[in-house]
Amino acid sequence: LGYNFRTRTLRRRSEMLRQTVNSRTKELQEKNLELAKLSLVASETDNAVMIFNSKQELEWVNTGFVKLTGYSLAEIRKSKRYHLDELTSNALVAENLDECIAEKRSFIYESELLNKEGRQLWTSSTLTPILNENGVLSNIVVIDTDITLRKQMEEQIRASLEERGVLLREIHHRVKNNLQIIISLFNLQTHYVQDVNASKALREGQNRIKSMALIHERFYQSDGLSKIDFDDYIRRLTDNLLQTSGITSDRVVLNIISEKISLDIDTAVPCGLIINEVVSNSVKHAFNDGRKGEIRIRFSYLNESEYRLEIGDNGVGLPADYKLENSDSLGIQLIHALSDQIDGKLSVDSTNGVKYTIDFKTIHK
């Protein structure tokens, strides 16, 4: 009886051992297959793969590394420059490595590389710390991808944009100079005009051209070429208008409240001309009786894509029977036409002086 019991026990244990061996053998086969595939990928990929030990010393490279740099592992070790921070030109690697280990994450960076033939290359590298079961650094894996072609294309695009920028600035500069010539011609013409109304019309024409010339001047002076800071332009334009009119700040105060808004040239020119017309009207008509007052301009966002431009004064205001839509004044007609040009909604309030409000959207996003 005892013999039979021991025999059954041994058979049970033998079966359990066989099952355990089979299970471990299967796991090892799967791991070996996985390692073989990883080894194949690491060896045959065109990306350069480097493995460093816990001291950040290079231990292994794949054929992709040899193809990319021209150096074998033996040559790298012979050069005695096989530490991680010696194999990259990016100073952020050492700085970010401790953080990557602490957070158990990878770090992507770009660096320049001089290969064995002396060719300058650019690589995008992914650095991954490998930790053991105790969370201690055991290896560091770095995979380099050649991005030299991308960098060259970026440089070509950058050079093309710089060339475009130079050309656009030159265009704005030439347009501004041509407008200045026209202004000078108008100025010369006024000396030969005896009629008061004709002389007045020439001066108004000068101011309109000056408002456009100032926009082109701001464009070629600005860092960006597609938009200008319109708040700065408003101040430059209105200061020029008051200075030309001869009205001093102790008589008429200029009150400008503007948010930091940039406009493209197709929107800036009509808005500049509208400001020119309204402020010119205020200067000519609002304070004729010698009274003191204020010209107010407010430029603000209504929402992300819509703006509000308010221009007014606290002068004599409009006559009680005055109909804006029936006015034959060139300035008023221009305000209407320019508001339509920017798809603006124009309203006029003559409760205390006169105030023009235009709500509009920028033409180009």
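Me: What's the handedness of the crossing of α6 and α8?
Reply: That crossing is right-handed. Bear in mind that this is a predicted model.

Me: OK, and at what angle do α6 and α8 cross?
Reply: Roughly 145°, and the axes of α6 and α8 (residues 265–286) come within 10 Å.

Me: Which residues in α6 meet α8?
Reply: On the α6 side you have Lys-200, Glu-204, Asn-207, Arg-208, Ser-211, Met-212, Ile-215, His-216 and Phe-219. They meet Ile-265, Ala-268, Val-269, Gly-272, Leu-273, Asn-276, Glu-277 and Lys-284 in α8.

Me: How does the contact of α6 with α8 split by class?
Reply: Seven residues are nonpolar, five are polar and five are charged.

Me: And α7, how does that pack with α6?
Reply: α6 (residues 196–221) and α7 (residues 230–245) pack at an angle of about 145°, and their axes are 10 Å apart. α6 passes α7 in a right-handed crossing too.

Me: Switching to sheets. What's the strand order in the sheet with mixed pairing?
Reply: That open sheet of five strands runs β7-β9-β10-β12-β11. β7 (252–258) and β11 (345–349) stand at the edges with a single partner strand each, so one side of each has no neighbour in the sheet. From one strand to the next, the twist averages 10°.

Me: How many bridges hold β10 and β12 in their pairing?
Reply: Eight, and β10 pairs with β12 (residues 354–361) in the antiparallel sense. For a landmark, Gly-312 has Lys-355 in β12 as its bridge partner.

Me: Which strands of that sheet does α7 touch?
Reply: α7 packs on the sheet and touches β7 and β9 (293–301). The direction of α7 makes about 170° with that of β7.

Me: What about the sheet with antiparallel pairing, what's its order?
Reply: β2-β1-β5-β4-β3, again an open sheet of five strands. Its edge strands are β2 (58–61) and β3 (107–114), and each pairs on one side only. The twist here averages 30° from one strand to the next.

Me: How do β3 and β4 pair?
Reply: In the antiparallel sense, over eight bridges, with β4 covering residues 120–131. Phe-107 has Leu-127 in β4 as its bridge partner.

Me: New topic: how many salt bridges does a search of the whole structure find?
Reply: The search finds 16. One of them joins the side chains of Glu-75 and Lys-116, at 2.7 Å from N to O.

Me: Where do Glu-75 and Lys-116 lie?
Reply: Glu-75 is in helix α3 (residues 73–78), while Lys-116 is in the loop between β3 and β4. The pair therefore ties together parts that are 41 residues apart in sequence.

Notes: Residues numbered from 1 in each chain as written. Predicted model: local features only at pLDDT ≥ 70, side-chain atom pairs only at ≥ 80, totals over all residues. Heavy atoms only, no water. Pairing = 2+ DSSP bridges. Helix = DSSP H or I, 4+ residues; strand = E, 2+ residues; numbered from the N terminus. Axes fitted to C-alpha atoms, helices over the stretch in contact; angles between N-to-C directions. Left-handed = near helix turned anticlockwise from the far one by under 90°. Salt bridge = Lys/Arg side-chain N within 4 Å of Asp/Glu carboxyl O. Contact = heavy atoms within 4.5 Å. Nonpolar A, V, L, I, M, F, W, Y, C, P; charged D, E, K, R; others polar.
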